[in-house]
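Please read this briefing alongside the sequence and the coordinates.

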Amino acid sequence: MSVTVSATLAVNEALAEKRRRGLPVLPLGFGEAGLPVHPAMREALAAGGDKNAYGPVAGAAELRDAAAGYWQRRGLPTDPDLVVAGPGSKPLLYSLLLSLGGDTAAAAPSWVSYAAQAHLAGYRCLQIPTAPAQGGVPQPELLAAAVGRARAQGRDVRSVIVTAPDNPTGTLASEATVRRLAETARELGLVVISDEIYRDLVHNDGERVHSAAEFAPERTVVSTGLSKNLALGGWRLGVVRLPDSDLGRSLRADLLGVASEIWSSPAAPIQQAAAYAFTEPRELTAHIRRSARLHGTVARAAADRFAAAGAMAAAPQAAFYSYPDLEAWRDHLARRHGVTTGAELTGLLLEEYGVGVLPGSEFGDSPHALRMRVATSLLYGETEDQRATALESDDPLALPWIADHLDRLSEVLELVGPREAPEDGAGPPTAAARCD
C-alpha cells in the first residue's frame with residue numbers, strides 16, 4: 001500500500017532544506033506548538049528516569065487516574081479503567097480505527113491524517129463539508145445523507161471523527177452543532193471519535209469547548225495529549241477516554257490487543273511526567289493560558305495580514321491556525337502566475353518566496369479551492385530564549401523577530417497578489433469575515 005509522507009512533515013522538511021541552503025523561509029506549515037518545555041515538566045521527566053520496565057499496556061494507574069481527573073474537571077465523568085494511554089494521540093487514533101473497522105467519516109476540511117489513517121487500515125473516509133465557522137464537525141444533515149448513500153452502495157460506515165477545536169481552521173463549533181452531530185451519530189449507529197488535542201488552547205477564557213461525549217456519552221471516544229497545550233510533541237504521549245458502555249468495554253479490549261502488538265506500553269518516564277501534567281498544578285495551567293493568549297495574538301495578526309490582502313476567513317478562535325481563502329485572487333493568479341489550484345498556489349509561495357503553507361486539498365478540501373492552512377506557532381523565535389520571551393511578552397507583536405515575520409508575509413502577499421485597490425472604494429475584509 002503506497003502512502004506518502006504527511007503533508008505537514010513534508011513542508012517542514014522542505015523549509016529545513018531551504019534553510020540549509022541559506023535561503024530565507026517563513027514557516028507557516030507545521031503544526032508544532034513552538035514553545036519551550038516548562039521547567040516543572042523537565043523535573044517530572046527527570047524524576048522518572050529510573051523507570052525502565054514496560055508497564056501495563058493501558059498505561060500506568062497513576063497516569064490513568066490523573067487523566068480521568070482531567071476529564072472530570074471538564075464535565076466528563078471518567079472511569080480510570082476506561083482510559084488508555086499510548087505514544088501520542090496519533091497512534092491511538094489509528095489503533096481505534098483498526099479496532100472499530102469499517103469506513104469512517106470526517107469533516108472537509110480536517111486534519112491530514114484522518115483520511116490517510118483510514119486508508120492505511122484498509123478503509124475509506126467520507127469527507128463531509130462543515131458549516132461556516134463550525135470547523136471540525138461535519139454538517140449533520142450532510143453526514144446522514146452521505147452515510148445513507150454509502151450504505152446503499154454496500155459500504156460499512158462505522159465511525160465519525162470530529163475535532164474540537166479544529167485543525168485546520170482554528171475555529172470552534174457551537175454547542176448546537178456538536179449536539180446535532182452527536183444525535184445524528186446515535187441515529188446512524190456511528191461511534192464518535194472526538195479529537196480534543198487543542199481543547200486547552202481556546203483564545204478567549206470565556207469560550208467553552210463542547211464535547212460530543214456530553215450528548216452521546218455511550219458512543220463517544222475522546223482523545224487528547226500533551227503535544228499542543230504543553231508543546232511536548234516530541235515526548236509522544238496521548239490518552240483516550242472510552243465510553244462507559246458495553247461498546248466502550250468491548251473497544252477497550254480490542255484497543256489493548258492492537259496496542260500490545262505495536263507499542264507494548266508508553267515510555268515509563270514520559271508516563272510519570274504526563275501524570276503530573278494531568279493533575280493540572282497551577283504553574284502549568286498558568287503556562288497553558290499564556291500559551292493560548294500568545295497563539296491567539298499571533299494567529300489573528302497573520303489572519304489580518306491575509307485579510308488586508310483580500311482573503312476571506314473565519315477569525316481564529318483556538319490553537320495557532322487560520323484558513324484564509326484567496327478566491328478573490330483567482331483571475332489574477334491564473335493570468336499572472338498560471339495558478340488555478342490551491343496546491344499550485346502554495347507551491348508558488350514555497351518555491352519562489354520560501355513561505356511554507358499547506359493547500360486545503362491536503363485537508364480534504366476541493367483541489368480547485370484557493371484555501372490554505374496557516375500555522376503561526378513557529379514564528380515565536382529561533383532560540384529558546386526568544387520563544388520564552390514571546391511567551392512572557394505583553395505585546396508579542398512588537399518583538400522584532402515576530403514583527404519581521406509578519407511584515408515578510410505582507411510583502412509576499414503584495415508581490416504575489418493583485419495590487420489594485422478594491423472596487424467601489426471598499427476596504428479589505430476583516431479576518432472575521434468568512435467565504436465558503
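The points below concern a predicted model and are grouped by topic.

**Confidence**
- The protein chain has a mean pLDDT of 92, with 95% of its residues at 70 or more.
- Residues 421–436 form a stretch where the pLDDT is below 50, although in the model this stretch still has 33 contacts beyond its near neighbours in sequence.

**The sheet of β9, β12 and β11**
- An open sheet is built from three strands, which follow one another in the order β9-β12-β11 and pair in an antiparallel manner.
- At the edges of this sheet lie β9, covering residues 321–322, and β11, covering residues 358–359, each of which pairs on one side only.
- Strand β12 spans residues 372–375 and runs antiparallel to β11, to which it is joined by two bridges.

- Strand β5, which comprises residues 157–163, includes T163.
- T163 counts as buried because its relative accessibility is 3%, whereas the cut-off for burial is under 20%.
- The side chain of T163 is joined to that of Y114 by a polar contact of 3.0 Å.

Terms used: Residues numbered from 1 in each chain as written. Predicted model: local features only at pLDDT ≥ 70, side-chain atom pairs only at ≥ 80, totals over all residues. Heavy atoms only, no water. Pairing = 2+ DSSP bridges. Helix = DSSP H or I, 4+ residues; strand = E, 2+ residues; numbered from the N terminus. Buried < 20%, exposed > 50% of the residue type's maximum accessible area, 1.4 Å probe, protein only. Polar contact = N/O pair within 3.5 Å; in protein donor to acceptor, adjacent residues only side chain to side chain. pLDDT = per-residue confidence, 0-100. Contact = heavy atoms within 4.5 Å.
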